[in-house]
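Welcome! Here is a short tour of one protein model, starting with a pair of strands and moving on to charged side chains. Have a look at the sequence and the structure first.

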Number of protein chains: 2
Amino acid sequence: MSNQKFNVAVVGATGAVGEQILKLLDQRDFPISSLKLLSSARSAGTTINFKGQDITVEEATPESFKGIDIALFSAGGDVSKELAPHAARHGAVCIDNTNAFRMDPHTPLVVPEVNPEQIDEHNGIIANPNCSTIQMVAALKPLQDAYGISRIIVSTYQAVSGAGSRAIDELHRQTKAVIEGQEVTPDILPVGSLPVKHQIAFNAIPQIDKFQENGYTLEEMKMVLETKKIMKDESISVTATCVRIPVVYGHSESVYVELKNDYDLDAVKKLLADSPGITLVDDPSSQAYPLATDCAGKPDVFVGRLRRDLGDNKGLNMWIVSDNLMKGAAWNAVQIAEIIVSKRNARA
Amino acid sequence: MSNQKFNVAVVGATGAVGEQILKLLDQRDFPISSLKLLSSARSAGTTINFKGQDITVEEATPESFKGIDIALFSAGGDVSKELAPHAARHGAVCIDNTNAFRMDPHTPLVVPEVNPEQIDEHNGIIANPNCSTIQMVAALKPLQDAYGISRIIVSTYQAVSGAGSRAIDELHRQTKAVIEGQEVTPDILPVGSLPVKHQIAFNAIPQIDKFQENGYTLEEMKMVLETKKIMKDESISVTATCVRIPVVYGHSESVYVELKNDYDLDAVKKLLADSPGITLVDDPSSQAYPLATDCAGKPDVFVGRLRRDLGDNKGLNMWIVSDNLMKGAAWNAVQIAEIIVSKRNARA
C-alpha cells in the first residue's frame, strides 16, 4: 500500500461550501499533490491561502481539468452540468455537490454511512445528496438494517446557510433592521431566482427551492426521491415539508419513521449510539437533545428526542440535527474523496 | 331579545394574553357593565386604561369574584386551580386559558369552530385549549366532518410569545447579543422553572414545557390529549413534536393528516376556504402560503401548502399558521364569551 498524492480541483472555491471543503482538506491533511481553485469568471482572480500558500482562483473552463484526479464541484447545478462531463473526460473523478446528476441512473448518489459500496460504480461522477437528505438517511440507515422502514414523514427546520452566503447576510441584515425598528426589504429568500421575496428574520418560510407541478417544492422532492435511491428501496413511502427558519448553521429535522418490525426503544438508542457518524444526544432528565447551535461546525449527525408513537407501536419520532455545510455538503464530499483515496492506495 | 350587559373580570390582566383579551373586549365592543382587572400581588396596583377609563389592577382573591358574570383567566395554572372554583361558586362562568382544567372530564374544552355546543355543558368553568391545539383542530374540523380522520402527525414551529413576555424579551436580548458578537446567557427558555437553559436566538429548541415519563413534553401531550377530547374521537392517533423557534408572534405547524375516506384536493381547498375562521392562503404559482409575520395580530387560522401524500392517497400535508396570542388564546376565549352572551340574550 503506497501513499499516493492527488491533483485536486475545487470548483466553487469561493462559495460557502467551497470554503468548508478547503478547511476540511487542510484539517484532514488530504494527500494533495496540486490544488487548483476554480470559480465563475466573476470570482476568478481572488486569492485563497491554503496551508501557507496563496492560490489564485481561476475561471473554470472545460480545459481546467487536464491532469486532475479528483474534482469537487459546488458552484451550482448549471456549472456541474456543463463542466463535470469534461472533467470526467479528462480522467478526473468528480464529486458533485449539486442537484445536476443526483437522480441520473448512471450516477451513484452516496452517503458513506449508507451506501459506500456504490462509490465504485461511478462513470466519472459521484453525486453528493442534498443536505437535508444526507443527515436523515445517515440516521435512518441503522434502523433500516435492523427493523426495515415502511414510511417516513419529515418536517425540516433549515438554516439559511443552505441558500448560500448571500442568504446569511440577508438574515443578519433583516434581523438588525427588525431590532432597530427599521423596515425590512427581503432580497434573496425564499428563492433567489423567483420574483416573490419573504422576510426570514423572526419568521418560518415553508418554501425551499421552486414549486413543482405536484405542489411540493424541489427541496421536498429531493428528500423523497434521493432517500429512495440512497436507501435502495423504492417502496419506502416518503413525504416531506421543508421550511426555512432564522438559523445560520445546522438543519434540524422532525422525523416520524414507521418501522416494518417492532422495536425496543432502548435497543434503538444503543444501535444509534454505536453507529459511525452518529452522536446520540437524548436525555430528557437533563434536557439534553441536539441543537443547531451546538452542532454547527461538527461533522456528525446528532439524534435525540427518540420516542415511540403512542398510537402505533411501530412508529418512532426522532429529532435529527447536523451542520448542513459539513455533513450536509463539504464533509460528505470529502469523506467520499477519502474513500476513493484509500481504495487507490489499497490497489497500488 | 334584550341586550344585557355583564360584569367581567380579567385575571392576569397584565400578562401577554391578558393584554390581548382587553384589546379584543375593546375592539369587539363587548357588552361590559363593569370590568375588574385582577393579577398576582406582584402586579397589583398598576393602572390599565380601558375605553378611556383608568382601572387599577387588584390582587385576585377568592372574594374578588362576587357579582362577576364572566371571568377570563390567564394567570397560570396554579392561579386558575385555586381561584376559578371560587369564581364559579360566586356564579361566574370562568373561561380558563390555562392547563388547569382542560382534561377534567367535567370541564368542556372548547374551540368555537369545532365544538361550540359543549359550552352549555359547563359547571362554571370552560377551558380554552392550548394554543398549538386550537389552530390545528380548527383547521382539521372541516376535514373530520367531510372525510373522517384516522391519524395526525404534527411538528410545530412555535413563537416565543407562547412562553410569555419575558421570553419575548429574552429573544430580543439574545438576538442583539449575537449580532453584536457578545456572549449569550440564556435565562428563561426552554422552561422557566427548569435548571437547564438553551439559546433561542438563531436556534430551534425541541422542548416546550416539561418532559413527561413517556419521553414526550407536556406541550406535545397537550396536543395529543386535547385534540382527541375536542374532536370527540379517542380513536384518532395523534403524535406531536413541539419546537420553539426564533419567532415572536404566530405558531406554524406542519400537519400530516390521514383521512378515512379518499378526497379530491380541490374539494379540500374549497371546503377550507368556505369554513368560518379559516383563511386559505395556498397558491404556489405566486409563492403564497401562510407566514407567521403575516398572521400576527389577526384572529383567523391560516392554511396553505395543501398537497397529497405521494405515497398514500389518503394522506394530506398542511401548513397551519395562527397568532398564538389571538386565536391560540385571547380570541378563542373572547369568542366563547361572545357565544355565552348571545345565548343569554336569546334566552332573555
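Let's begin with one pair of residues: B:A9 has B:A71 in β6(B) as its bridge partner. This is a predicted model, in which local features need pLDDT of at least 70 and side-chain atom pairs count only at pLDDT 80 or more, while totals for chains, interfaces and linings use all residues. Residues are numbered from 1 along each chain as its sequence is written, chains are lettered from A and ligands numbered from 1 in the order in which they are written, and side-chain values use heavy atoms, leaving out hydrogens and water.

**Strands and sheet**

- Strand β1 (residues 6-11) and strand β6 (residues 70-73), both of chain B, run parallel and are joined by four bridges.
- Helices (H or I, at least four residues) and strands (E, at least two) are DSSP runs, numbered from the N terminus, and two strands pair if DSSP finds at least two bridges between them.
- In general, strands of a sheet pair through backbone hydrogen bonds, either parallel or antiparallel.

**Salt bridges**

- A salt bridge here is a side-chain nitrogen of Lys or Arg within 4 Å of a carboxyl oxygen of Asp or Glu.
- By this rule, there are 42 salt bridges over all chains.
- A:R308 and A:D262 form a salt bridge, with their closest N and O atoms 3.3 Å apart.
- That pair links distant parts of the chain, 46 residues apart: A:R308 is in strand β13 (residues 301-308), and A:D262 is in the loop between β11 (251-259) and α6 (265-273) of chain A.
- B:E338 and B:R28 also meet through their side chains in a salt bridge (2.8 Å, N to O).
- Here the partners are 310 residues apart, with B:E338 in helix α8 (residues 326-347) and B:R28 in the loop between α1 (16-27) and β2 (32-39) of chain B.
- A network of salt bridges links A:R151, A:E258, B:R151 and B:E258.

**Buried or exposed?**

- Buried means under 20% relative accessible area, exposed over 50%, and partly exposed in between (1.4 Å probe, protein chains only).
- A:R308 is partly exposed at 26%, and A:D262 is partly exposed at 42%.
- B:E338 is partly exposed at 21%, and B:R28 is partly exposed at 42%.
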